[in-house]
Amino acid sequence: MERKEFLRSVGAGAAFAITFACLGGCLKEDPNPLTTEDPNANTPPDPVTGVLFTVDLSASTSSKLQNTGGYLTKNNVVVAKDLKGEYVAATVVCSHELRKDIIFNNDEFYCTAHGARFDLTGKGINNDGKRGLRIYATSLEGNILSILA
Ligand code: FES
């Protein structure tokens, strides 16, 4: 095989490989935050306890959770202290257009992108929130708040 012929054959193969890889990545659908096993956790939950991650409420980094209405975002989960003093958690990924813009506001989850609203059970309150929001159970033991898958 001559050099020119070799380069031509390698070039075609490389172009095919790049195209194939791109199509595979480009055609991959976005995960549905309501049906995917766990689209938000950076690490899989503990197989025994089901804990996705924990928050040490005594740490300065979690001081926002000391007051009712306060919240923080960790591992793509919004963790909040509701107005009753209970800890609640939901995905940061909005079901409307899958933007990571969920916050906690006025005792409900709210998307800052287009205004979707969700109650504490994840039920949509307005039209943009009609597809609901994934909610995570929480468990408190001492100062350690666990977010469960
Ligand atoms: S992406 Fe949340 S309201 Fe549109």
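**Exercise 1.** Over how many bridges do E1 and E10 pair, and in the parallel or the antiparallel sense?

*Solution.* The model is predicted, so local features need pLDDT of at least 70 and side-chain atom pairs count only at pLDDT 80 or more, while totals for chains, interfaces and linings use all residues. Residues are numbered from 1 along each chain as its sequence is written. Strands are DSSP runs of at least two residues, numbered from the N terminus, and two of them pair if DSSP finds at least two bridges between them. E1 and E10 pair over 5 bridges in the antiparallel sense, and Thr 54 stands opposite Ser 146 in E10. These strands belong to an open sheet of 3 strands in the order E1-E10-E9, where E1 and E9 (138-141) are the edge strands, each pairing on one side only.

**Exercise 2.** Identify what Ala 89 touches, not counting residues up to four places away in sequence.

*Solution.* Contact requires C-beta atoms, placed from the backbone, to lie within 7 Å. By this rule Ala 89 touches Val 77, Val 78, Val 79, Ile 135, Tyr 136, Thr 138 and Ile 147.

Technical notes
Contact = placed C-beta atoms within 7 Å. Helix = DSSP H or I, 4+ residues; strand = E, 2+ residues; numbered from the N terminus.
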